[in-house]
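Good morning, colleagues. Please look at the structure on the screen while I take you through its sheet and then its ligand site.

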Amino acid sequence: KHPLGRPEGAAPREIRAVGVAGAGLMAGQLALLLARSLRVPVTMRDLDDERARRGLDAVHAQVDRLRTQGRLDDRGAAALTDLLRVTTDVADLADADLVIEAVFEELDVKRQVLAELENVVGPTTVLATNTSALSVTQMAAGLENPERVVGLHFFNPVAQMPLVEVVRADRTDDATYATAFAIVHACRKTAVAVADAPGFVVNRLLVRLLGEVLGALEEGTTVADADRALAGMGLPMGPFQLLQLVGPAVAEHVLVTLRRDLGERYADSPGLARVVRDGRAFVTFEARPSASSPVDPAVGE
Ligand code: 3HC
């Protein structure tokens, strides 16, 4: 196995155009960040016109928000809008020096997307995956040039979260790995080198944390107090606010992957299943009333 950490001596590749596989929530945020940071054309690709259009609309709305917040002036917003494109044809990503995929969290889907990309891009185009928990090594297996695959795990909300987990797969070469670090640096974020292990570092912890907090809810703690407790511990956001942000279905998907790969300590979570079923973390979670731990009326809600 290669050592982890930015490789000394390997030159990063030049990035003159970027592709994003997918036009969903993470894909749009990534497209915007990369266009803003690298100042190169960024083309998102999704499967049909409807998804593509919705993706581009969402990115345009983000640009508009940046303008109204004063983070971009009119010229900056127009220049950024010019850099952002969308397509349904994978061949439109042929010129990209970097493609980051942010499609459905299913190994087979991601493998298929990478294989499709490999058919159209050059042999040294970096293929990055924004996977939350899947094995980058397995994702790259079967490609003609697996050495140009790397994990770049950005966090939600992408514009604000400073961290990126950089995942070196078994066959990632030094130039690809160095390029990954250079991209994170250009985005003014902090790259952390993590092993290609299920859930990397952050999701491995977050999912356990969430599972334990859901357990506390089963015992009678309220959502509001659980959020307050962890915000009081210095977390920037309560666990349920975070669950709402990430999306309960995404969290459950990560949990299922981790249980499969790391075993029963990622226990089945009826609480999370309920949240996923209802689609909302805050409103519909019903804790079992607990006589032994009554909620203090002064603080409970
Ligand atoms: N574009 C660019 N920058 C922006 C921005 C925007 N639209 N909006 C805000 N910012 C900047 C601000 O200027 C500020 O920068 P500064 O620190 O240099 O001044 C910084 O972002 C923070 O902005 P705010 O002060 O408005 O942010 P808050 O203090 O309210 O914090 C938060 C918001 C960053 C979202 C914080 O609540 C947080 O960190 N929450 C936790 C989120 C988290 O844990 N995410 C991970 C989810 S897990 C995941 O994604 C993994 C996946 O695989 C499932």
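**The sheet and the ligand shell**

This is a predicted model. Its eight strands form an open sheet with mixed pairing, in the order E3-E2-E1-E4-E5-E6-E7-E8. At the edges stand strand E3, residues 84-87, and strand E8, residues 190-194. Each has a single partner strand, so one side of each is left without a neighbour in the sheet. On average, and ignoring direction, neighbouring strands of this sheet are turned by 25 degrees against each other.

The pairing of E3 with strand E2, residues 42-45, is parallel and runs over four bridges. Within that pair, Val42 is found opposite Leu84 of E3. Across both E2 and E3 lies helix H2, residues 49-68. The direction of H2 is at about 170 degrees to that of E3.

I turn now to the ligand. Which residues come nearest to the ligand? Of the 17 residues around it, they are Ser132, Phe155, Asn156, Ala159 and Pro236. Sorted by class, the shell consists of 12 nonpolar residues, four polar ones and one charged residue.

Thank you for your attention.

Conventions. Residues are numbered from 1 along each chain as its sequence is written. This is a predicted model: local features need pLDDT of at least 70, side-chain atom pairs count only at pLDDT 80 or more; totals for chains, interfaces and linings use all residues. A residue is near a molecule or strand if its C-beta atom, placed from the backbone, lies within 6 Å of it. Ala, Val, Leu, Ile, Met, Phe, Trp, Tyr, Cys and Pro count as nonpolar, Asp, Glu, Lys and Arg as charged, and the others, Gly among them, as polar. Two strands pair if DSSP finds at least two bridges between them. Helices (H or I, at least four residues) and strands (E, at least two) are DSSP runs, numbered from the N terminus. Axes are lines fitted to C-alpha atoms, for helices over the stretch in contact, and angles run from 0 to 180 degrees between N-to-C directions. Two residues are in contact if their C-beta atoms, placed from the backbone, lie within 7 Å.
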